Each structure stands twice: as C-alpha cells, then as structure tokens.
Amino acid sequence: MFMFEKAVVGSRRYWSWLAFLAAVIALGVACYWRQFQYGLGITGLSRDVTWGLYIAQFTFLVGVAASAVMVVLPYYLHNAKAFGKITILGEFLAISAVTMCMLFIFVDMGQPTRVLNVMLYPTPNSIMFWDMVSLGGYLLLNAVIALVTLSAERKGLAPPTWIKPVILLSIPWAISIHTVTAFLYSGLPGRSFWLTAILAPRFLASAFASGPALLILLCMIIRRLSSFDAGRETIQKLALIVTYAMIINVFFFLMEVFTAFYSGIPEHKEHFVYLFVGLEGQAPLAPWMWTSIALAAVSLVLLIVPRYRHNERVLAAACVTVFLSLWIDKGLGLIVGGFVPTPLGKVARYAPTLPEIAITLAIWAVGCLMITIFYKIALSVRESLAAAYQQV
Amino acid sequence: MSTNRRGFISLAGGCALAWAGKAAVEALSEQASPVVQGKRWAMVIDAAKCLREKGCRKCIEACHRTHNVPALAEPRHEVKWIWKESFEHAFTSQAGEYMREELRGSPVLVFCNHCNQPPCVRVCPTQATWKRAEDGIVMMDWHRCIGCRYCVAACPYGSRSFNWLDPRPHVEAINPEYPTRTRGVVEKCTFCEERLERGLPPACVEACPEKALTFGDLRDANSEVRRLLRERYSLRRKPELGTEPEVYYIV
C-alpha cells in the first residue's frame, strides 16, 4: 500500500511519539463509546448552546486545511520555486486537517449511524450538504495529488501532465471549503453574531494566517528531526504570507467591532460584550478572548518588524502566537459566542465536559498521527532518493 | 432483455423527458394557484385570557402528555414543545423601561411558529424536517434525523429541542397512541397533526379552560382566526426576520 513500508521503520523516538498518540486516541475512543451509548448529554452542550467544542474545532481546522493553497498557489501560478519542495507537506497537512474536520462532525451527530442520510437524501438548499460536497471533494483532490506527485518523485520522474489541471482545480476548491463553512453560520436569521457578510472573508484571512504558521513550525520541527530542510527562503516567504493574512484578519475583526458598536444595535453588540466582558455577571470566555487579543497584538509586532521576522527563533514564537490566537478566536469564541446570548436574549452557560475534551484531544491526536506518518513517508522517499543520487 | 444502442438512447431520452415534464408540471402548479394548496393552519393566542388563571399549565401538560414529551430535571437537557416565556424574552424588541406594568415579566405561551419561510427546513441536510404543502405544518421525520442540530441553530425562536439522552425513561406515562423518540433526534410542536387528521383540535386548544387559544385556517376568510386577526391588534415574534410566523398574539 502507498509507500506505507516507509512508515513502519523509525527511531525509538518516532515509535514513542506514535505510542503516545495511540494512547490519547484510545482514551478518546473509550469516551466516544460512552457518548455513543449514553447520548450527547455527556457533553456540556445544551438546548441553548447546541454546538460547542466539536463544531468549533471543525471550523478552525477547515481553515488549516484550506491553507495548503497558500503553498500550492504561489508555486503553480507564480512559479515561486521556493515552494516546490513543500507543496507535498501542504497537501498532507490538508488531508490530515480535513480528516479531523470530518471526525469532529461525526462525533457531533446525535444519530451517527444515520449520517449517510446526507447522501441518500441530497438536499441542495442545505449548506451542510454543500459543506460535505466541498470537504469530500477537497480530501479526494489532495489525496490524488499527493499520491501521484510523490509516486512520480520516488521514481525520479516528473509528475504526469494530467495532474496539473487537478492541482489547479484544488486552488479554488480550497477557497470554497472555507467559504461554504462560513455560509453554514452566516446565513442564519436570529444569530446576529454570525449574520455578517465578512464572515467568509474573515475565515479565509484567519485560515491563511494559522495554516501557513503551522506549516512553518512543522518545517522547523522536520529540520531538527530529519535531513530535510525546507530552506530559509521558503520559510521567509511563508512568513510573509502569515504576516499579510494576520494583518487582514485583525483588520476584518476590527471592522466587525466597529459595525456592531457604532450602529449600537443590541443584538449585534451583545455577543461581543458577552465574549469580552460578560453579560449578567457571566464571562467564562473573557480571559480566553483577551489572551487571543494579546497574542494577536504580539504576533503582529513580531511579524511586521523585518528584523524580528527574519530571525527564525522569533519567527517561531510569532507563529505559535498566531496559531494560538486564532485557535482561541475560532476554536472557542466563534461558536459559543454565536449562541450566547440566545435569540431570546438569555445568557446560557456552556463548559465542555471531561469526556468531551478527551474526544476532542483524541481527534487532534488522529491528525497528528496522520501528519507524522505522511511526513515520514514523504521525507523517507526524499532521503532514499538523495542517497541514491550520492551513490551515482 | 436485449437492448441495442438505439433502444437504450430512446429509453434514456424518454425518461429524461418524463422527468423534466414532471418537474415542469410541479413548478407550474405551484405558481399558478396557491389557493388550491389547501389550508394554512395558524394559531391566535389571546394573551389577556391566557393570563386570567395564574400559574395555569393545562395546555402544557395536555401537550406533553399526549406527545410523550420527557420531563428532564436537568435544564440543559430539557425537551419542550410548548412552554411559557416572559414577555421580554418572547418579544425581545417590544420590551422597554416604561412598558405596561402588567406585561413586564408576564408569561407568554410559546411553541413552534410553523413559519411560512421556516429557516429550520431550509438548513436541514436530510429533509428530515419539511413544510407540508397541503397545510403549512412544519413536520419532522424522527427516523431520518441525523441529530446535527443545524435546525436548532437556525430557529430564531428556540422552538426546537434535542434529545440529549434517551427520553423514554423520563416519560411519566407513555401514551401508546403516539411515538416516543430516541436519543439524538430533534423534536418540536407539530400543531397536533395526528389529531387534526382525526378532526380534533390541537391538544393545547382543547385543554385551555379560558379558550385563549384559537386554531384555524388562514385561507378561509370566514374562519375564527381570520375574524380575530381582522378585528384585533396582533403581534408576531420577530417578524422582521422574514420567517412569516403563523402564531399570532393578541395583546
């Protein structure tokens, strides 16, 4: 199977990492089994806050998945050679992230055994139907592209010509997955926090900051663990993308704040008030939201000042702050903030439970496991190629 | 059966034509005569009459007993088809500092509005909830629902409940004439479509001692609901959202 033999040889450190991930996954599976039998009442969700940690992770990870386009697009449309070496890393990241998205949707279903009803009764007026189409298609596109280009690389050949249009198709498709995901929320009457035309652009901006930031960190980790070096130029180009995307993201966020508060419409304001200062004495997310703001501010300083950005240690710190800031923003605040206050103006409570957190961590662990194995395969292929060239 | 190329093509063409024809007939029949569609059920609630008996829960009890609605102690997991909401929460844009004192905090009966443009139906990915063409009731299929709760997020009235747990142990006395639900599906008021079928009014209407609830057909100009709406001033919840709720409140 697909160069899988490369994944079953590795150092002790490699195997201990896999064992750790497997343990986290096992715990999550046990908790999910309990949820499957007992019902979603095992989570902290309620009648009023009906989506929480699971759907928030899904939303955040769609962004990570979409960000693969930020290496594919410059390489294939602008011939930015620096990205040639890491397009495969972007595609594997996308595959892992989309898989996590699908798992998060799956564990959020009240009747998971009926989930294929979405395909048995296709419903074009439901955005969820289109989200399934776009996510499924994106997974397929990236799987085909990664498999074909890596197989060609292993044989020392250029990839077949037919793959080029498939790669080009994956570019708008990446934009579509996050646009459609934003439409899930922004088309609902009575949920004023999401009812904003800038939600999709904001999703894209935050995606193109958080995804490439993660990719930079992954490149830095890989450089320490293997002989593969993405190269300073590649990392600096990615850093520039993160910088622009993060600036645009913060700009979009401030536009939201302006519209909500200058118009003074309570239904638009109150969600921000709830998130940042609290309503009726309840502010469970305020510390998180302010942390997100602080991290965003720090990241902007570190990214915008060239001296800092060019220093790779500082850049690593900047990428961590970007990733955490946006994870809090989308992976915590966005979904819960949309439900509270409720359309009836009530301040509902939500806090994820331990089983809910364990299931969430397990799905993240599945993603880490996939990235580890995929990157291991890709880098082993390159290492054996390099070794073969040296012999010649 | 032997099929040649020509035969197959003409069969496929015939099928396509028949399908297109069916779609065209359906589209035309929808546009041509909306009145032929039949009834449009609606409810008119006389708030003053409803308030007469303090703490009355007869309609709620009748509904929940009839439909095997579980009574869950944990408020997070509550399932409710009809309940009382304070005026300020039911009519979020109507409340104010100097409003009529008797309205402040007064309980308002709320349930599914059976909207003409239901957002819950628009978002459902499996058509497990739909607006019935013949009478406008927003229906549900509890065997098809996948429990994604998109409809719960879409409803601007909080009218939909999700079964966070197995509801059956929490139903006091199971009414064998009505289905119970399983965990993991969404449910709400159905305007008692099972009773309407037998020519009976909704259970809440029947149970109300003050006759505060009037149920009827909006398409019938002589119906009681039309008379009330013609003669009295009425409110609807969040009409500005374009959902066109079909539950009216006479205040």
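# Exercises on a predicted two-chain model

What covers the buried residues of α3(B) includes β2 (82-86), β3 (107-111), α8 (203-207) and β8 (213-217) of chain B. This is a predicted model, in which local features need pLDDT of at least 70, side-chain atom pairs count only at pLDDT 80 or more, and totals for chains, interfaces and linings use all residues. Residues are numbered from 1 along each chain as its sequence is written, while chains are lettered from A and ligands numbered from 1 in the order in which they are written.

**Exercise 1.** Find which residues of helix α3 of chain B are buried, and work out where they lie around the helix.

*Solution.*
- Step 1: Take the helix, residues 58-66 of chain B. Helices (H or I, at least four residues) and strands (E, at least two) are DSSP runs, numbered from the N terminus.
- Step 2: Pick out the buried residues, those with 20 or more other C-beta atoms within 10 Å of their own, C-beta atoms being placed from the backbone. They are B:Cys59, B:Cys63, B:His64 and B:Thr66.
- Step 3: Look down the axis of α3(B): the buried residues fall within an arc of 165 degrees, so they line one face of the helix. The arc is that of the directions from the helix axis to the C-beta atoms.
- Step 4: Now move just past α3(B), where B:Asn68 has a positive phi of about 55 degrees.

**Exercise 2.** Describe how helices α9 and α13 of chain A cross.

*Solution.*
- Step 1: Locate α9 at residues 232-263 and α13 at residues 312-339; their axes come within 11 Å and cross at roughly 40 degrees. Axes are lines fitted to C-alpha atoms, for helices over the stretch in contact, and angles run from 0 to 180 degrees between N-to-C directions.
- Step 2: Name the arrangement. Angles under 35 degrees count as roughly parallel, over 145 as roughly antiparallel, 65 to 115 as roughly perpendicular and the rest as oblique; α9(A) and α13(A) are therefore oblique to each other.
- Step 3: List the partners, where contact means C-beta atoms, placed from the backbone, within 7 Å. From α9(A), A:Ile235, A:Ala239, A:Val242 and A:Met246 meet A:Glu312, A:Leu315, A:Cys319 and A:Val322 of α13(A).

**Exercise 3.** State how many residues each chain gives to the contact between chains A and B, and which element of chain A gives the most.

*Solution.*
- Step 1: Chain A supplies 31 residues and chain B supplies 38 residues.
- Step 2: On the side of chain A, α5 (117-120) and α6 (127-154) are the elements giving two or more residues.
- Step 3: α6(A) gives the most, with 3 residues.

How values were computed. Contact = placed C-beta atoms within 7 Å. Buried ≥ 20, exposed ≤ 12 C-beta atoms within 10 Å, placed from the backbone.
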